[in-house]
Amino acid sequence: MGRISNVPIQYDDLKTLEISKFKGWGYLKGDKAHSFEVSWSRNGQKTASVGCCININERKMQLNYWYNGVSCYRNFLLASKPSNLGNGEVYYFVCRKSNKWCRKLYLYNGEFVHRSMIRAYYFSQLVPVKERGVVSLYRKSINYERLLDE
């Protein structure tokens with residue numbers, strides 16, 4: 001029988017939905033509903049996908065996905081407020097569990113939730129203070145090598 005893991009959950013390892021990407025893809029414009037798929041991959045292999053349907057007029061988003069062999073259909077409300085720059089609106093998801101407005105939802109235990117509903121850490125919180133400089137340099141060198149390969 002297995003034991004419960006004591007490895008902390010990191011936000012970087014969770015799958016996310018970001019409202020800014022939806023805006024960049026043009027799904028928050030117009031009067032019609034937009035249906036599309038968001039997928040995640042690792043090392044070129046597709047690991048998960050979510051079917052999304054956004055209706056800006058009704059301020060709703062529907063997600064269709066599979067989690068541990070169970071089909072999940074979730075409805076989320078979309079909220080907005082005027083931009084502080086005076087040009088347009090800033091859109092938010094409304095978390096179904098906490099009712100908090102957020103710009104990023106995290107997939108945790110089969111539900112997309114606000115980060116306050118998860119006991120998790122950012123990578124930098126798990127690195128000892130004395131090693132943060134070395135880790136930062138290492139990450140920069142990896143990113144530099146990746147850019148050279150492209």
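Me: What counts as a strand and as a pair of strands here?
Reply: Strands are DSSP runs of E with at least two residues, as helices are runs of H or I with at least four, and both are numbered from the N terminus. Two strands pair if DSSP finds at least two bridges between them. This is a predicted model, in which local features need pLDDT of at least 70 and side-chain atom pairs count only at pLDDT 80 or more, while totals for chains, interfaces and linings use all residues. Residues are numbered from 1 along each chain as its sequence is written, and side-chain values use heavy atoms, with hydrogens and water left out.

Me: Which residue in the turn between β4 and β5 has a positive phi?
Reply: Strand β5 covers residues 70-82 and runs antiparallel to β4, with eight bridges joining them. The hairpin has two residues between its strands, and the one with a positive phi, of about 50°, is Asn-68.

Me: Which residue takes a positive phi in the hairpin of β3 and β4?
Reply: Five bridges join the antiparallel strands β3 (residues 45-55) and β4 (residues 60-67). Cys-53 has Gln-62 in β4 as its bridge partner. Four residues lie between the strands, and the phi near 55° belongs to Arg-59.

Me: What is the order of the open sheet of three strands?
Reply: Its edge strands, each pairing on one side only, are β1 (16-18) and β9 (111-113). Three bridges join β9 to the antiparallel strand β8 (residues 104-108), and Leu-107 stands opposite Phe-112 in β9. With antiparallel pairing, the order is β1-β8-β9.

Me: How many residues are in the largest nonpolar core?
Reply: A nonpolar core is a set of buried Ala, Val, Leu, Ile, Met, Phe, Trp, Tyr and Cys residues joined through side-chain atoms within 4.5 Å; buried means under 20% relative accessible area, exposed over 50% and partly exposed in between, with a 1.4 Å probe and protein chains only. Leu-17, Phe-22, Met-61, Leu-63, Phe-93 and Phe-112 touch the most other members of this core, whose residues number 23.

Me: How far from Cys-53 is the nearest cysteine sulfur?
Reply: A disulfide is a pair of cysteine sulfur atoms within 2.5 Å, and a search of the whole structure finds zero. Cys-53 is partly exposed, with a relative accessible area of 26%. The nearest cysteine sulfur to Cys-53 is that of Cys-52, at 8.8 Å.

Me: Is Cys-72 buried or exposed?
Reply: Cys-72 is in no disulfide, and the nearest cysteine sulfur, that of Cys-52, is 13 Å away. The relative accessibility of Cys-72 is 6%, so this residue counts as buried.
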